[in-house]
Amino acid sequence: MFPLQHLNISHNMLTSVDSIPLQSLDTIDLRSNLLQGSLPIPSNSTALFFISHNNLTGEIPSSICNLTSLIMLDLATNNLSGEIPQCFGNITSLEVLDMRHNNLSGNIPTTFINGSSLSSLNLHGNKLEGKIPQSLTNCKQLEVLDLGDNHLNDTFPAWLGTLPKLKVLSLRFNKLHGPIRTSRIENMFPELRIIDLSYNAFSGNLPSSLFQHLKAMRTIDPSMGTSRYGGVRYYQDSIAIVSKGFEREIVRILFLYTTIDLSNNTFEGHIPTIMGDLIALRVLNISHNGLEGPIPSSLGSLSLVESLDLSSNHLVGEIPAQFASLTSLAVLNLSYNHLEGCIPHGNQFQTFENNSYEGNDGLHGFPVSISCGNDHVSGKNYAVDDEESNSEFLGDFWKAALMGYGSGLCIGISIVYFMMSTGKPIWFARIIVELEHKIMMRRRKKQRRQRNCRRRNNH
């Protein structure tokens, strides 16, 4: 009879493991139960230990560092408190350490040593303080680092750029401050695909020197297909990001989902033109800062971008016409700036609503106003010169509507269509369906009145 090596009793309603033998097991999976009390410690032979999404309390005992074979440790989403044992940095076999969403306090361990196998470190959503330890540069295999939603007080850790495999960096919701400066190292953050520095106190200009190093964001890698996820068989990395106006947790990090979020800081100055070179971006959020000047037309080169948020800054000038070519753009937020001029036409711009532009009194065109002086459809210019021409059109419009009511719906609509095809404002096409509905309803009411009159006469 073979000895038991793997135990998976996850997603049940267990409240205790006192009667469950945890010795001599290679894999223990107790995730998503109702376990209470202190953290149970398995034997030294355990390599994979998953006990997240329970109700564990108390501190993490330092004896857990005696598990010298430990490869993955998942303690996420419990109520564990106290400090993280410093000895975790000495476990060279450890590849995944997930302690997110607990009540851990104190400093992050500073003892990460050379030869560390750590590829994923997630401490998101705790009460950690102090600085980001520079000993993390010894973790050359590190791909995912999430220290978001803590109380860390430090400057930007540019030295993390030396990590050759780092793909995801989240430092959001902390007390990080000062300008973002990069070192003179030639190849920094070469594999970085997600960087989230939102909700801090970073200041100064947006870091052009950082953007020019982001090699993975400057090229579209066809090999980064939909099957490329962070994590391995028993564990999947996750990260919370804001995309398309909503915060969501990506349970399996899709490395194709390239993101820059620098929102809710105190950045100032102009948007660097070089940001247009980051053509692999899917999400760009630099809202709620003090940015000024025009929107660079180079952002129109972000052909894959799905969510673009430049709101709540001091941007001026016109919306670049190049934005009309962003056919992947699903969410655009330019609200609360000082933009003016015509809103671009065509493609995705036909789908955006008023809230994309509110707070910019100088903007005109759909959907903010009926026309913008020049409307472009199918390469032709349809000009509305002044209020007098609009008034003249409205008179012709109602004449056509009345003709439709008196002579038949099809004739009236045909006359209106003729008006449109001979150069009248193209925005009328947007309300033609409403016109048809109103005419039809009036016709039906008239028919009902006539029928009622006949019934009364017959009686």
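Predicted model: local features only at pLDDT ≥ 70, side-chain atom pairs only at ≥ 80, totals over all residues.
**Figure 1. Contacts across the whole chain.** Residues are numbered from 1 along each chain as its sequence is written, and side-chain values use heavy atoms, without hydrogens and water. The secondary structure comes to 4 helices and 29 strands (DSSP runs numbered from the N terminus: helices H or I, at least four residues; strands E, at least two). Buried residues make up 48% of the 459 residues (buried: under 20% relative accessible area, 1.4 Å probe, protein chains only).

**Figure 2. The disulfide of C65 and C87.** Here is the 1 disulfide that the structure holds (a pair of cysteine sulfur atoms within 2.5 Å). C65 is joined to C87, with 1.9 Å from S to S. The link of C65 and C87 is right-handed, with 70° about the S-S bond. This pair connects distant parts of the chain, 22 residues apart: C65 sits in the loop between β5 (55–59) and β6 (72–74), and C87 in the loop between β7 (79–83) and β8 (96–98).

**Figure 3. Two cysteines and their accessibility.** Why does C65 count as buried? Its relative accessibility is 14%. C139 is also buried, with a relative accessible area of 0%.

Terms used. Buried < 20%, exposed > 50% of the residue type's maximum accessible area, 1.4 Å probe, protein only.
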